[in-house]
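Here are a few notes from my pass through the model. Have the structure open while you read.

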Amino acid sequence: MTRVVTSTPVKFGALAVAVVLALLVPVFATDPATTNIAVFTAMYVGLATAWNIMGGYTGYISLGHAAFFGFGAYAFGLVLAHLGIAGGYEPFLFVPVAGALTVVLALGIGWVALRTRAATFVIVTIAMMFMVQLLAENLVGLTGGGAGLSFPVPPWTGDFYNTPFYYAMLLMALVALAVSWWIRRSKFGLGLLAIRDDEDKALAVGVPAHGYKLTAFIVSAALVGMIGALYGYYVTYIYPQFAIDPLIGISIVLMVFLGGLGTLWGPVLGAVILEPAQLWLAYNFGASRLYLVFYAAVFLVVIILMPRGIVPSVTSLIGRVNNRRAVGPSDAAGSATDTHVIVEPAP
Amino acid sequence: MTLILEAVVFGVLTGGVYALMASGLTLIFGVMRIINVGHGALVILGAYLSFALLNSGAHIDPFVSLLITMPAMFIVGVVLQVAFIRPLKEDREALSVLVTYAVALGIEGLLGFIFTNNFVQLSAWYETASFPILGFHIAYVYVFGFGLCVAILAGIFLLLYRTPFGAAIRATMLNRTAAQLVGVNVDRVSALAFGIGVATAAAGGVVFGMTTSFDPGSHYDLISRLLTIIVLGGLGSLRGAIIGAIAMLIVEDVAAVVISPVWASFAFFVILVVVLVVRPQGLYGIRVRERI
């Protein structure tokens with residue numbers, strides 16, 4: 001494994017370079033069109049990483065995370081309205097409140113949804129998302145219904161408008177990554193992977209599967225809810241179909257699958273590749289809905305050609321090359337399969 | 001009281017359409033163990049095909065147009081299965097959800113491009129004409145639609161339980177590997193079953209399109225209901241899908257009268273939650289060791 005994954009100082013160096021580059025984006029690119037793409041890309045990095053904690057580590061595919069995204073946005077907007085907080089930096093301090101409220105919702109949904117497994121779970125999460133959307137629409141007194149909900153208007157103007165949001169989104173993405181990294185290394189994370197591989201066996205060896213699954217679900221949902229809160233403040237105005245959009249839920253899933261399900265960096269890579277592409281398509285072909293066709297085509301090509309995602313595919317490729325160098329070509333075929341087995345769980 | 005009675009009658013009549021659409025979905029799940037998230041979009045595609053034939057020079061009646069659209073959609077289904085479902089090897093259940101979701105998005109995009117995003121409805125004389133019964137009026141279209149759905153469902157049951165091909169389908173549903181061992185060509189059965197499921201979606205689309213106005217984005221609402229129904233009935237159970245559909249639609253229509261129309265769809269999902277809490281495997285489902 002040490003041969004496959006590069007040494008620790010190199011990894012931390014690469015990580016530091018990536019973080020510094022990400023921090024410098026608003027310095028180099030000042031025009032709002034570019035920083036807008038940066039905001040959404042950082043947003044999806046966070047969303048995909050958060051989703052991966054449940055979908056990737058635990059293997060429970062949720063197509064309903066848009067519910068938590070929209071709920072976070074609504075909860076945040078309502079909290080700000082009730083406390084009478086004006087636009088500026090102050091609202092950012094209340095993002096964790098939106099996260100805490102999302103935890104409550106995730107507890108309820110998770111408790112019901114996690115009674116099911118596999119295909120049924122996927123379906124139940126879809127149904128739950130539409131339930132939350134209907135609630136947002138029907139509780140007119142609270143949410144404003146179809147008329148939507150307004151946020152305090154941020155005071156920033158021109159080129160600077162996107163910058164605070166970019167750093168806020170980036171911070172959330174880094175928090176999500178840190179949580180994902182920590183879970184991946186903890187005993188809890190091992191339990192989640194055991195559930196993914198075989199839940200009944202995991203139960204048999206003493207993994208408290210139900211509690212673990214529910215915890216992963218809640219952690220994942222809370223992060224998504226907080227990112228949704230930032231999103232609501234960024235766009236300053238939300239309505240049900242817009243905040244709880246099935247397309248958001250499925251985009252996250254596609255990003256994770258493209259990058260590599262269950263890996264630490266896969267979701268990041270998937271988001272960085274797909275979100276700018278998606279924005280570009282929507283910008284150029286959005287009016288005709290033809291962009292959905294392009295999007296679907298990308299989607300199909302990715303899944304049919306690379307079902308395991310970029311990170312696992314590339315890792316096993318590197319592993320194969322390294323092995324060939326180490327043991328000579330004659331043994332390459334046999335050791336390639338070995339590497340595959342060893343490499344797969346590596347983040 | 002008349003209003004509630006009316007709601008129940010309409011629940012049964014519209015439930016028939018949902019039963020037909022959900023049967024296709026649950027048949028596909030049963031044979032291939034995949035969730036066809038594109039089913040709602042295929043229903044809408046079927047409705048648009050009939051819409052195009054109706055508004056073409058020929059003015060083909062929506063019910064008559066099924067003679068053209070059902071075979072066409074059968075072929076679409078077989079092609080989709082061969083092109084996108086068959087290549088999936090590992091992790092099929094999860095990947096199939098994504099693939100069929102992509103198919104749904106592609107269909108939505110294409111329909112939006114061709115037919116624009118305005119709401120349309122299939123029209124015919126029997127859509128507006130009605131007859132009185134038990135103190136209220138029922139439009140003929142509901143009765144005709146219900147009749148069509150019952151006829152097609154009866155056809156599916158005959159196919160499944162009275163023909164050798166049906167036996168092959170049921171064998172594949174029970175145990176894919178064992179079916180293969182006794183000589184069933186499961187790849188062929190899967191492709192044809194997918195085709196049958198999609199063809200029934202076309203029939204459902206015609207009735208849906210005559211009773212509801214629709215646009216290319218209507219499939220989201222539709223698929224969430226259909227998936228809820230098949231989970232309620234138990235995945236892979238035809239009987240469960242039919243009973244689930246009719247029960248759900250009755251509850252929805254009664255809730256619309258008793259509580260409020262805006263909460264009707266919500267009642268739909270509340271039933272799902274209650275059933276899952278009491279019986280996670282659905283009404284007719286078997287508790288299986290599922291792995292994703």
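1. Start with α2(A) (residues 32-58) and α13(A) (residues 266-285), which pack at about 140° with axes 8 Å apart. Axes here are lines fitted to C-alpha atoms over the stretch in contact, with angles from 0 to 180 degrees between N-to-C directions. That makes the pair oblique, as the angle is neither under 35 (roughly parallel), over 145 (roughly antiparallel) nor 65 to 115 (roughly perpendicular). Helices are DSSP runs (H or I, at least four residues), numbered from the N terminus.

2. This is a predicted model: local features need pLDDT of at least 70, side-chain atom pairs count only at 80 or more, and totals for chains, interfaces and linings use all residues. Residues are numbered from 1 along each chain as its sequence is written, with chains lettered from A and ligands numbered from 1 in the order written.

3. Who touches whom (C-beta atoms, placed from the backbone, within 7 Å)? On the α2(A) side, look for Phe40(A), Tyr44(A) and Val45(A), among others; α13(A) brings residues including Val268(A), Pro276(A) and Leu279(A).

4. Now α8(A) (residues 187-197) and α10(A) (residues 209-235): their axes come within 10 Å and cross at roughly 105°, so they are roughly perpendicular. Phe188(A), Gly191(A), Leu192(A) and Ile195(A) meet Ala209(A), Tyr212(A), Lys213(A) and Ala216(A).

5. Finally, Met169(A): leaving aside neighbours within four places in sequence, Met169(A) contacts Val39(A), Ala42(A), Met43(A), Gly46(A) and Leu230(A).

Notes: Contact = placed C-beta atoms within 7 Å. Helix = DSSP H or I, 4+ residues; strand = E, 2+ residues; numbered from the N terminus.
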